Amino acid sequence: MTSTDYEELATRAGRELEEATPQEILRWAADTFGRRFCVTSSMEDAVVAHLASSVFPGVDVVFLDTGYHFAETIGTRDAVAATMPVNVITLTPRLSVAEQDAEYGPNLHDRDPDLCCSLRKVEPLNRGLLAYDAWATGLRRDESPTRAGTPVVAWDPKRRKVKIAPIARWTQEDVDAYVAANGVLLNPLLWEGYTSIGCSPLSCTRKPAEGEDVRAGRWSGSGKTECGIHL
């Protein structure tokens with residue numbers, strides 16, 4: 001299929017699957033793309049990986065190891081790999097943290113978070129996704145205003161791939177119910193008051209105050225709302 005064919009396929013599927021369950025959306029993805037489909041996970045939780053594995057055992061679960069993760073996040077990745085029927089693939093940046101510090105100066109995440117995210121998240125993911133025609137994310141419409149219009153299936157024009165958000169229509173209550181019913185692995189930091197977990201520097205992730213948006217603790221005070229993966 002050509003890129004135009006995939007774009008048309010994604011647009012049509014976005015309409016037809018709008019009211020579908022996450023499992024139905026993921027079954028469509030598995031049937032349509034097979035091994036050319038993967039799930040991406042930040043290891044904040046294993047909800048989408050668990051959903052995907054229920055319809056596509058052995059599915060590739062792609063994780064970005066930025067070199068700045070909390071130990072709990074790495075532990076969640078390892079637990080997912082050890083206990084779930086998935087194939088965890090870890091992507092890493094071209095530069096180690098030390099090499100980046102040498103080239104750009106220390107604490108780039110404080111001085112230029114957009115560049116840091118580009119080097120440590122966007123570029124590795126773009127490289128890793130070359131092996132796939134479609135990828136799934138855990139984006140939900142209720143997470144933030146910037147995500148409110150997330151389609152369940154769409155065309156990703158930058159990467160020229162089909163992008164799938166099987167739980168886009170879910171609320172936090174839906175996620176919590178699924179986790180409770182299925183014993184899904186969660187990042188332990190969620191129990192400590194974090195509601196959105198990225199890299200560990202305080203400029204990247206903090207606990208939100210009561211009443212703040214769930215993603216208010218990400219790049220706090222910088223005006224930045226997304227790492228760039230979903231822009």
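Author: Let us start with accessibility: a residue is buried under 20% relative accessible area, exposed over 50%, and partly exposed in between, using a 1.4 Å probe and protein chains only. The model is predicted, so local features need pLDDT of at least 70 and side-chain atom pairs count only at pLDDT 80 or more, while totals for chains, interfaces and linings use all residues. Residues are numbered from 1 along each chain as its sequence is written, and side-chain values use heavy atoms, with hydrogens and water left out.

Reader: Is Arg160 buried, exposed or partly exposed?

Author: Arg160 counts as partly exposed, because its relative accessibility is 47%. Arg160 belongs to the loop between strand 5 (153-156) and strand 6 (161-164). Here strands (E, at least two residues) and helices (H or I, at least four) are DSSP runs, numbered from the N terminus.

Reader: What should be noted about phi?

Author: Most residues other than glycine have a negative phi. Arg160, although not a glycine, has a positive phi of about 55°. Met43 is not a glycine either, and its phi is positive, at about 65°. Met43 sits in the loop between strand 1 (37-40) and helix 3 (47-55), and it counts as buried because its relative accessibility is 0%.

Reader: How does one describe the packing of helix 5 and helix 7?

Author: Axes are lines fitted to C-alpha atoms, for helices over the stretch in contact, and angles run from 0 to 180 degrees between N-to-C directions. Helix 5 (residues 97-104) packs with helix 7 (residues 113-128) at about 140°, their axes being 12 Å apart. Helix 5 is therefore oblique to helix 7; angles under 35 degrees are roughly parallel, over 145 roughly antiparallel, 65 to 115 roughly perpendicular, and the rest oblique.

Reader: Which residues of helix 5 and helix 7 meet?

Author: Contact means heavy atoms within 4.5 Å. Val97, Gln100 and Tyr104 in helix 5 meet Leu115, Cys116, Leu119 and Arg120 in helix 7.

Reader: Which residue does the UniProt annotation "active site" cover?

Author: The UniProt annotation, from an unreviewed entry, covers Cys227; such annotations may be inferred rather than shown by experiment, and their positions follow the numbering used here, with feature names shortened. Cys227 lies in the segment after helix 8 (172-182) and counts as buried, because its relative accessibility is 10%. Leaving aside residues up to four places away in sequence, Cys227 touches Cys117, Lys121, Val122 and Trp219.
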